[in-house]
Amino acid sequence: MAGQLKVTVDREECISCGVCWATCEAVFEESSDDGLTQITAQYRVNDSLAEGLVPADLEDCVRDAADSCPVEVIHVSEA
């Protein structure tokens, strides 16, 4: 679908700092199971905690979160 962004999180490398949750809580949240970052349920692809499709109106939010991640585990690309 046009106007979407693909967002992936390398959860194995996540340090659970919480910067992405604070920066873009619409897309990122803390997993209650392991404390790592996950994509919020409404944007997940195939129920994957690490992969999502996000509408273009959240691009600034998602890119700010990716840019703020100290371990650079959030990747954003055109869908």
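This is a predicted model: local features need pLDDT of at least 70, side-chain atom pairs count only at pLDDT 80 or more; totals for chains, interfaces and linings use all residues.
Residues are numbered from 1 along each chain as its sequence is written, and side-chain values use heavy atoms, without hydrogens and water. Local features need pLDDT of at least 70 and side-chain atom pairs pLDDT 80 or more, while totals for chains, interfaces and linings use all residues.

**View 1. The buried face of helix H2 (residues 59-68).** Helices (H or I, at least four residues) and strands (E, at least two) are DSSP runs, numbered from the N terminus. Val62, Ala65 and Ala66 are the buried residues of H2; buried means under 20% relative accessible area and exposed over 50%, with a 1.4 Å probe and protein chains only. Seen down the helix axis, these residues fall within an arc of 100 degrees (taken from the directions from the axis to the C-beta atoms), so they line one face of H2. Asp60 and Asp67 are exposed on the other side.

**View 2. The surroundings of arginine 11.** Arginine 11 lies in the loop between S1 and H1 and counts as buried because its relative accessibility is 12%. Its side chain reaches the backbone oxygen of threonine 37 at 2.8 Å. Leaving aside residues up to four places away in sequence, arginine 11 touches residues including Ser31, Asp34, Leu36 and Thr37 (contact means heavy atoms within 4.5 Å).

**View 3. The lining of the largest cavity.** Among the lining residues are Cys14, Cys17, Cys20, Thr37 and Cys69. A cavity is a set of points on a 1 Å grid over the protein atoms alone where a 1.4 Å probe fits but cannot get out, and lining residues have an atom within 4 Å of a point.

Conventions:
On a 1 Å grid over the protein atoms alone, a cavity is a set of points where a 1.4 Å probe fits but cannot get out, and a pocket is an open set with protein on both sides within 12 Å along at least five of seven lines; lining residues have an atom within 4 Å of a point. A polar contact is a pair of N or O atoms within 3.5 Å; within protein, one must be able to donate a hydrogen and the other to accept it, and residues adjacent in sequence count only if both atoms are side-chain atoms.
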